[in-house]
Amino acid sequence: MGFPSDRYIGNTLLKMYVDCGAFLFARNVFDEMPVRDVVSWSSMIVASVASNSPLDALGVFREMNVVNEKPNSVTLLSLLSACTQMLNVNAGGSIHCYITRNWVEMGVALGTALFEMYGKCGKIDQALLVFNSMHEKNLQSCTIMISVLADHGRWKDCTCLFIQMEAMGLQLDSMSFTVILSACSHMGLVYEGKKYFDRMVRLYDIEPTVEHYGCMVDLLGRAGLIQEAYDIIQNMPMEPNDIIMRSFLSSCRNHGWIPSLEYNLLSKPNSELGPNYVLAANIFSIRDSWKDANDLRLAMKEKGLKKIPGFSWVEVPN
């Protein structure tokens, strides 16, 4: 009927396909639009990022520059997300320069995306500079900053920021405590982890979730406090998931401490992952319970479960 020539209808149609995850249809609509504005370009960049095609997002942005269309905050947010996906700090830095050079207002959302990009790319000092320069911060931005700091082992900065969040009057939520407990776990801060868990329950009246219990099991297990980790699993109001069991079993193996475990704990019905069976079988082997170890390996084979070999990414020059 000729309506795609109407910019507003074309943008709405494009957004509909983007929201439905139909990237190819969105691209077709975009290519056929005779008139495009910043909304059209931004929607196409959002679609590229959502479809895990960050390079396409940067390509669309280059096309956008060719036609001299100025990006808005939505465009810049999506581009920073693309840079974060690719861990491309050079492209992210270029977007930062564009924001500074064009006096783009650094709102909470844009500032958070920017320092998260720097943090994920390993540039913690730049991330802190952006975070500290933000005139406004909210619960989400502070929580993400704690996660970034924890990834870089900056535990003192993590705890200081957590104290600042309380001083700012932010109403901490379940996610905030998940992040700080995870940080304590990875940095071996047993006392602090217990303190924050107790504070969450007693002061903020937050019901612990399986993620919170998982952080505590991981924290205690890494520290060699296997019995305490085992007690948490036993007293959880819900069934431990595969991640908790794998974390616990790994701690048992790593510390050479074999608790008096019941067979049904090592082979929970929801543990349908190969690594859990392998870990449990190894623990039975250490305990010389060869029949139990063999039974687990047979059960693993009958269910067609496999353990994918571990691997790591290593970054070298160029």
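**Entry 1. Overall content**

I take helices as DSSP runs of H or I with at least four residues and strands as DSSP runs of E with at least two, both numbered from the N terminus. On that basis I looked up the secondary structure of the chain, which has 18 helices and zero strands. I note at the outset that this is a predicted model.

I then checked confidence. The chain averages a pLDDT of 85, and 85% of the residues score at least 70. Where is confidence lowest in the chain, and where is it highest? The lowest mean, 50, belongs to helix H16 (residues 263–266), and the highest, 95, to helix H7 (residues 108–120). Where pLDDT is low, the predicted coordinates should not be read in detail.

I also looked up two totals. Of the 318 residues of the chain, 47% count as buried. Among contacts in the chain with a separation of 6 or more, 59% are between residues 24 or more positions apart.

**Entry 2**

I next examined two helix pairs. Two packed helices are described by the angle between their axes and the distance between the axes.

For helix H4 (residues 54–66) and helix H5 (residues 73–86), I find that the axes come within 8 Å and cross at roughly 140°. H4 is therefore oblique to H5, because only angles over 145 degrees count as roughly antiparallel. The crossing of H4 and H5 is left-handed.

Which residues of H4 and H5 meet? From H4 I list Pro-54, Leu-55, Ala-57, Leu-58, Phe-61 and Met-64; from H5 I list Thr-75, Leu-79, Ala-82, Cys-83, Gln-85 and Met-86.

**Entry 2. Helices H10 and H11**

For helix H10 (residues 155–167) and helix H11 (residues 174–187), I read a packing angle of about 160°, with the axes 10 Å apart. H10 and H11 are therefore roughly antiparallel to each other. The crossing of H10 past H11 is left-handed.

On the H10 side, Trp-155, Cys-158, Phe-162 and Met-165 make the contact; on the H11 side I record Ser-176, Phe-177, Ile-180, Ala-183 and Met-187. The residues of the contact of H10 with H11 comprise eight nonpolar, one polar and no charged.

**Entry 3. The loop between H4 and H5**

Lys-70 is found in the loop between H4 and H5. Is Lys-70 buried or exposed? I classify Lys-70 as exposed, because its relative accessible area is 57% and the class begins over 50%.

Leaving aside neighbours within four places in sequence, I find Lys-70 in contact with Val-38, Met-64 and Tyr-98. Lys-70 and Val-38 are 32 residues apart in sequence, and their C-alpha atoms are 6.8 Å apart in space. Met-64, another of these partners, is also among the H4 residues that meet H5.

Asn-68 lies in the loop between H4 and H5 as well. Its phi is near 60°, a positive value in a residue other than glycine. Most residues other than glycine have a negative phi, and most peptide bonds are trans. Asn-68 counts as exposed, at 65% relative accessibility.

**Entry 4. Asn-52**

I looked up a further positive phi, that of Asn-52, which is near 60° in a residue other than glycine. Asn-52 is found in the loop between helix H3 (38–50) and H4. At 60% relative accessibility, I count Asn-52 as exposed.

Thr-84 has its place in helix H5. I count Thr-84 as buried, because its relative accessibility is 19% and the class covers values under 20%. Not counting residues up to four places away in sequence, Thr-84 touches Met-117 and Lys-120.

Ser-251 lies in helix H15 (residues 242–255). I find Ser-251 buried, with a relative accessible area of 6%. What does Ser-251 touch, not counting residues up to four places away in sequence? I record Gly-221, Arg-222 and Ile-226.

Asn-132 has its place in helix H8 (residues 124–133). I find Asn-132 exposed, with a relative accessible area of 56%. The C-alpha atoms of Asn-132 and Gly-111 are separated by 9.9 Å, and the two residues are 21 residues apart along the chain.

Notes: Residues are numbered from 1 along each chain as its sequence is written. This is a predicted model: local features need pLDDT of at least 70, side-chain atom pairs count only at pLDDT 80 or more; totals for chains, interfaces and linings use all residues. Side-chain values use heavy atoms; hydrogens and water are left out. Axes are lines fitted to C-alpha atoms, for helices over the stretch in contact, and angles run from 0 to 180 degrees between N-to-C directions. Angles under 35 degrees count as roughly parallel, over 145 as roughly antiparallel, 65 to 115 as roughly perpendicular and the rest as oblique. A crossing is left-handed if the near helix is turned anticlockwise from the far one by less than a right angle, and right-handed if clockwise. Contact means heavy atoms within 4.5 Å. pLDDT is the predictor's confidence in each residue, from 0 to 100. Buried means under 20% relative accessible area, exposed over 50%, partly exposed in between (1.4 Å probe, protein chains only). Ala, Val, Leu, Ile, Met, Phe, Trp, Tyr, Cys and Pro count as nonpolar, Asp, Glu, Lys and Arg as charged, and the others, Gly among them, as polar.
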